[in-house]
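Hi,

Here is the structure I said I would pass on. Have a look at it first, and then read my notes below.

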Amino acid sequence: MNIHEYQAKELLAKYVPAGKVAFTPEEAYQIAQDLRCTKLVVKAQIHAGGRGKGGGIKLANSPDEVRRIASEMLGMRLVTHQTGAEGKIVRKVLIEEASDIERELYLGVVIDRSTERIVLMASPEGGVEIEEIARTKPKKILKEYVDPALGLLPFQCRKIAYFLGLNGKTANKAVNLISGLYQAFVDNDCSLAEINPLVVTREGDVLALDVKLNFDDNALFRHPEIEKLRDPEEEDPTELEAKKWGLSYVKLNGNIGCLVNGAGLAMATMDIIKYYGSEPANFLDVGGGASTEQVTQAFKMILRDQNVKAVFVNIFGGIMKCDTIATGIITAAKEVGIKVPIVVRLEGTNVELGRKMLAGSGLNITTGADMREAAAKAVAAAGGKLS
């Protein structure tokens, strides 16, 4: 689960510039008045990075200028390298006191699954994509791993501060912020906590100028207060619908819809579609014990995507029975109509019954003896390899 910058800053209020979110130009004007600053910044609030290059971050010198910028920004379709060409509608803006920046740094906390540990990453070059720094200047990134039995230790925070080139009182302030970010990551079951840029002002203060927090969906039951921060307007409506039905769905940009049981099999299904020259339109895991209703809803979500030219059903029936999948496909066809080819690979519990039901359904269904054959048929049914 993602949240907006202003919400992340509320969780780290001690370390961020003063500011509030506005939903109208008049609210933006009033916030600017209340801040009593000579330099302000107006920042579009969307779930994507690269806002500055897209015109989503602008400086202002007065409340009147803040109101003008907010009126231009609110309602605009902001396009960045992370939104894609379709962009995102700006529905709220963050009004903050502008900082007198001397240096821009990077600080992030993630989980390194290969070592099964939390790792803090820091770089003296902030304000740009950390992936670009890792690719072009790997020595500019420090990775500090945390022993889960001990937690983050003070010497590690100091090590990071010194790597960033900080000293004296500024280093002490950075140590407090690093410790606070780590604690927020752990306390809130985050999957990502990132400050980019982390800035040092000319006065020697250390501030989180832009903050991103992502949360582990599986832990949200422990954090109802964070669940309330979800912004449905920033999420794909089909992905939200999938959550309601207990399905794991992620929209992609390909032309072959995928309906699979099990995350590992779903990943393998997407890989084999790519191997045969096409692209998956979605990741969709119906789980090991999906009902007929869930399978039906899964098909409806796949078929709602106008880019889908064929559907690849790849089921290994264990707990999930093959006749349940067959029933779901047939039910969905009757309710919404299936106008694209379906390629099905079924194995496991009640496989013969499932195949018999599909064969007698009258639907445009092709079967595959194994994953390779089924994937090749799905790519061919969708029009062959993508250029």
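K139 counts as exposed, at 79% relative accessibility; here exposed means over 50% relative accessible area, buried under 20% and partly exposed in between, with a 1.4 Å probe and protein chains only. You'll find K139 in the loop between α4 (130–136) and β9 (142–145). Helices (H or I, at least four residues) and strands (E, at least two) are DSSP runs, numbered from the N terminus. From K139 to S123 is 16 residues in sequence and 9.0 Å in space, C-alpha to C-alpha.

Before you go further: this is a predicted model, where local features need pLDDT of at least 70 and side-chain atom pairs count only at pLDDT 80 or more, while totals for chains, interfaces and linings use all residues. Residues are numbered from 1 along each chain as its sequence is written, and side-chain values use heavy atoms, leaving out hydrogens and water.

Now for another loop residue, Q45. Q45 sits between β2 (40–44) and β3 (57–60), and counts as buried at 1% relative accessibility. A polar atom of its side chain lies 3.2 Å from the backbone oxygen of K43. That is a polar contact, meaning a pair of N or O atoms within 3.5 Å; within protein, one must be able to donate a hydrogen and the other to accept it, and residues adjacent in sequence count only if both atoms are side-chain atoms. Not counting residues up to four places away in sequence, Q45 touches several residues, among them H4, Y6, R51, L94 and E234; contact means heavy atoms within 4.5 Å.

On to the sheet. Four strands form an open sheet in the order β1-β6-β2-β3, with antiparallel pairing; two strands pair if DSSP finds at least two bridges between them. β1 (19–22) and β3 stand at the edges with a single partner strand each, so one side of each has no neighbour in the sheet. From one strand to the next, the twist averages 20°. Helix α3 (residues 63–73) packs on the sheet, touching β2, β3 and β6, and its direction makes about 160° with that of β3. For such angles, axes are lines fitted to C-alpha atoms, for helices over the stretch in contact, and angles run from 0 to 180 degrees between N-to-C directions. β1 and β6 (residues 93–97) run antiparallel and are joined by 4 bridges, and V21 stands opposite L94 in β6.

What about aromatic pairs? A search of the whole structure finds 1. The ring centres of Y275 and Y276 are 5.1 Å apart and the planes are at 85°, so the pair is edge-to-face. Rings of Phe, Tyr and Trp (its six-membered ring) pair if their centres lie within 6.5 Å; planes under 30 degrees apart count as stacked, over 60 as edge-to-face and the rest as tilted. Y275 is exposed at 59%, and Y276 is partly exposed at 23%.

Two helices to finish. In α8 (residues 237–244), T238, E239, L240, E241 and A242 are buried, and their cover includes β13 (248–251) and α10 (292–303). After α8 comes G246, with a positive phi near 75°. A378 lies in helix α13 (residues 371–381) and counts as buried at 0% relative accessibility. Leaving aside neighbours within four places in sequence, A378 is in contact with I256, A310, F312 and V343.

Cheers
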